Amino acid sequence: MKRVLTLFLVLAMAFSATACSFSDLQKELENAMKEPEQVSTDGDSEDNTKDYAEEQETEKDNSNASSDFSIDETVLLDQDNVKITAKSLAYDYYGDLILDVLIENNTDQTLNFSIDQFAINGYMTEYAFLYATVSAGKKSNETIDIPKDELDFLDIKTAADMTMTFSVSTEEYDKYLRSAPVQLKTSAAETYDYKYDDSGEVIYDGSNIKIVAKGLFENAKYDTQSILLYIENNNDFNITMSTDNVSVNGFMIDPFFYYDMLPNSHALATVDFDKEELASNDISAIKDVTLSFHIIDDDWDTVTESGEINITF
């Protein structure tokens with residue numbers, strides 16, 4: 001198929017480029033009809049064959065086709081005439097983790113379903129995706145997707161358990177319900193070795209909450225300079241964290257940091273500084289950061305104020 005597509009491309013180029021001679025066209029056609037491993041860009045077909053084989057092997061590695069875990073069919077939510085059932089769990093071809101769910105809307109109105117909070121193997125993630133609209137009295141097969149790059153970031157190779165809450169809203173996006181946390185264990189849960197890397201500088205430890213600064217890195221995805229934090233919430237209730245009074249190298253900066261955590265959960269979270277804002281303050285390299293953390297519960301009551309924290313790099 002690749003050869004056929006390449007042939008059409010070559011023919012299209014030939015008709016559009018008047019400077020191309022017949023002999024040049026003939027050479028292009030001959031190359032197009034060769035097998036992929038025989039077409040050399042640097043004169044070394046053996047190296048190209050090796051590269052092609054490695055590319056194919058990489059695709060196989062990324063597929064994660066065989067999972068070493070499974071789940072039993074489990075009801076995750078059955079409340080106020082809505083029901084969500086976990087059906088199966090596996091990696092897809094690209095290495096994303098896919099949880100198949102059946103959503104049943106037994107109400108008389110259209111409802112929207114989404115993930116509110118999600119943790120896998122005890123680690124919080126903001127990248128568990130579900131968004132479904134289900135009409136009144138209908139069912140829908142849906143998926144909750146956790147991308148491979150997020151699993152890699154959390155260094156998760158086996159799914160042992162998942163804890164989640166669901167948000168359900170009306171067609172007008174008014175709140176219908178928010179579920180309590182529910183945990184789904186896989187067949188790997190009993191033997192899984194739960195480990196959390198808390199190495200780094202402890203910058204706060206109080207009110208059953210621990211925050212560790214692990215370092216500074218370039219976040220190419222969002223074009224930011226970011227501080228990587230390890231966080232533990234050892235309380236039996238949800239917390240929401242934000243930053244106050246943040247300065248970088250002595251200049252006041254407004255970073256992005258707002259993080260929700262389930263009870264007894266862990267997180268790898270980032271405090272993100274926009275590069276344009278840094279540049280506007282003539283900051284080419286972050287040397288020191290001063291900030292404080294404001295932490296509240298679900299009722300918006302203050303759990304703790306960290307006080308001023310200074311981090312140097």
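Of the 313 residues of the protein, 42% count as buried, where buried means under 20% relative accessible area, exposed over 50%, and partly exposed in between (1.4 Å probe, protein chains only). The model is predicted: local features need pLDDT of at least 70, side-chain atom pairs count only at pLDDT 80 or more, and totals for chains, interfaces and linings use all residues. Residues are numbered from 1 along each chain as its sequence is written, and side-chain values use heavy atoms, with hydrogens and water left out.

The protein has 5 helices and 20 strands; helices (H or I, at least four residues) and strands (E, at least two) are DSSP runs, numbered from the N terminus. Among contacts between residues at least 6 apart in sequence, 61% join residues at least 24 apart, a contact being heavy atoms within 4.5 Å.

The interior may be considered next. A nonpolar core is a set of buried Ala, Val, Leu, Ile, Met, Phe, Trp, Tyr and Cys residues joined through side-chain atoms within 4.5 Å. The largest such core has 41 residues, and Ile144, Met164 and Phe166 are those with the most contacts inside it. Beyond its neighbours within four places in sequence, isoleucine 144 touches a list of residues including Leu97, Val101, Ile115, Phe129, Met164 and Phe166. Another core, of 32 residues, lies apart from it and includes Met241, Val248, Ile253 and Leu291.

Threonine 163 belongs to strand E8 and is buried, with a relative accessible area of 17%. Threonine 125, in the loop between strand E5 (123-124) and strand E6 (131-134), counts as buried because its relative accessibility is 6%. The side chain of threonine 125 is joined to that of glutamate 150 by a polar contact of 2.7 Å. A polar contact is a pair of N or O atoms within 3.5 Å; within protein, one must be able to donate a hydrogen and the other to accept it, and residues adjacent in sequence count only if both atoms are side-chain atoms.

Strand E8 (residues 161-170) and strand E9 (residues 175-178) run antiparallel and are joined by 3 bridges; two strands pair if DSSP finds at least two bridges between them. Valine 168 has leucine 177 in E9 as its bridge partner. Between the strands of this hairpin are 4 residues, and tyrosine 173 in the hairpin takes a positive phi near 70°.

Most residues other than glycine have a negative phi. Asparagine 81, in the loop between strand E1 (74-79) and strand E2 (82-91), has a positive phi near 70°. Aspartate 223, in the loop between strand E12 (209-219) and strand E13 (224-233), has a positive phi near 55°. Aspartate 223 is partly exposed, because its relative accessible area is 42%.

The largest pocket has a volume of about 500 Å³. Of the 22 residues that line this pocket, Tyr127, Phe153, Asn219, Tyr222 and Thr270 are the closest to its centre. On a 1 Å grid over the protein atoms alone, a pocket is an open set of points where a 1.4 Å probe fits, with protein on both sides within 12 Å along at least five of seven lines, and lining residues have an atom within 4 Å of a point. Grid points are joined across faces, edges and corners, and the volume is the space filled by probe spheres set on the points. Strand E17 gives the most to the lining, with 4 residues.
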